[in-house]
Amino acid sequence: FLCPHCGEASHIFGHGGAQETAQKLDCDFLGGIPLHMSLRETGDTGKPIVATQDDNPITQQYIDIAGKIIAKLKF
């Protein structure tokens with residue numbers, strides 16, 4: 001969770017569990033997306049954050065994950 005007031009990260013659900021599980025299952029860990037109010041707000045309006053906020057760091061995280069998926073699909 002990223003605090004909307006100070007920007008500080010709080011790992012309210014823990015941290016690193018998905019990456020650890022991916023390693024145990026010999027799967028790729030594509031990345032993580034923080035919980036943030038802007039993500040919820042854009043989702044609630046039906047206008048994805050990647051389409052409306054190209055300057056938001058969360059947008060770049062989605063793009064990075066998409067790039068990893070595309071790279072895996074190319075043989």
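Is Ser-38 buried or exposed? In this predicted model, Ser-38 counts as buried, because its relative accessibility is 8% and the cut-off for buried is under 20%. The residue sits in helix α2, and its side chain is joined to that of His-36 by a polar contact of 2.8 Å. Setting aside residues up to four places away in sequence, Ser-38 touches Ile-49, Gln-53, Asn-56 and Ile-58.

Asn-56 is found in the loop between α3 (49-52) and α4 (57-73). Despite that loop position, Asn-56 is buried, with a relative accessible area of 12%. Its side chain makes a polar contact of 2.8 Å with the side chain of Gln-53. Beyond residues up to four places away in sequence, Asn-56 touches Ser-38 and Ile-49.

Stepping back to the whole chain, the model has 4 helices and 0 strands, and from the N terminus on the elements run α-α-α-α. How does the radius of gyration sit against that of a compact globule, and what is it? The chain comes out at 14 Å, whereas a compact globule of 75 residues would be near 11 Å. Taken along the principal axes, the C-alpha atoms fill a box of roughly 40 × 30 × 20 Å. Buried residues account for 13% of the 75 residues. The chain exposes about 5900 Å², and carbon and sulfur atoms supply 58% of that area. As for how the chain meets itself, among contacts with a separation of 6 or more, 38% are between residues 24 or more positions apart.

Phe-1, Ile-12, Phe-13 and Leu-35 form a nonpolar surface patch, with about 440 Å² of accessible area together. Leu-35 lies in the loop between α1 (17-24) and α2 (37-45) and is partly exposed, at a relative accessible area of 38%. Apart from neighbours within four places in sequence, Leu-35 is in contact with Phe-1, Leu-2, Ile-12 and Phe-13. The other patch members, Phe-1, Ile-12 and Phe-13, are therefore also on the contact list of Leu-35, whose relative accessible area of 38% makes it partly exposed. Leu-35 and Glu-8 are 27 residues apart in sequence, and their C-alpha atoms are 11 Å apart in space.

With a relative accessible area of 77%, His-5 is exposed. From His-5 to Ile-63 there are 58 residues in sequence and 25 Å in space, C-alpha to C-alpha.

Turning to charge, side chains of opposite charge can pair when their charged atoms come close. The structure holds 4 salt bridges. In one of them, the side chains of Glu-20 and Lys-24 meet at 3.2 Å, N to O. Why are these two separated by about one helical turn? Glu-20 and Lys-24 are 4 residues apart in helix α1, which means a spacing of about one helical turn. Glu-20 is partly exposed at 42% relative accessibility, whereas Lys-24 is exposed, at 66%.

A second salt bridge brings together the side chains of Lys-72 and Asp-28, at 2.8 Å, N to O. This pair links distant parts of the chain: Lys-72 belongs to helix α4 and Asp-28 to the loop between α1 and α2, 44 residues apart. Lys-72 counts as exposed, with 53% relative accessibility, and Asp-28 as partly exposed, with 47%.

Arg-40 forms a salt bridge with Glu-41, in which the closest N and O atoms are 3.9 Å apart. Salt bridges that share partners tie Arg-40, Glu-41 and Asp-44 into one network. Both Arg-40, at 42% relative accessibility, and Glu-41, at 41%, count as partly exposed.

One backbone detail remains. Most residues other than glycine have a negative phi. Asp-26 is not a glycine, yet it has a positive phi of about 55 degrees. Asp-26 is placed in the loop between α1 and α2 and, at 72% relative accessibility, counts as exposed.

Methods:
Residues are numbered from 1 along each chain as its sequence is written. This is a predicted model: local features need pLDDT of at least 70, side-chain atom pairs count only at pLDDT 80 or more; totals for chains, interfaces and linings use all residues. Side-chain values use heavy atoms; hydrogens and water are left out. Patches are made of residues with over 30% relative accessible area and no salt bridge: like charges are joined within 9 Å, nonpolar side chains (Val, Leu, Ile, Met, Phe, Trp, Tyr) within 5 Å. Accessible areas come from the Shrake-Rupley method with a 1.4 Å probe; for residues, only the protein chains shown count as cover. Buried means under 20% relative accessible area, exposed over 50%, partly exposed in between (1.4 Å probe, protein chains only). A polar contact is a pair of N or O atoms within 3.5 Å; within protein, one must be able to donate a hydrogen and the other to accept it, and residues adjacent in sequence count only if both atoms are side-chain atoms. Contact means heavy atoms within 4.5 Å. The radius of gyration is taken over C-alpha atoms; the globule rule is 2.2 Å times the number of residues to the power 0.38.
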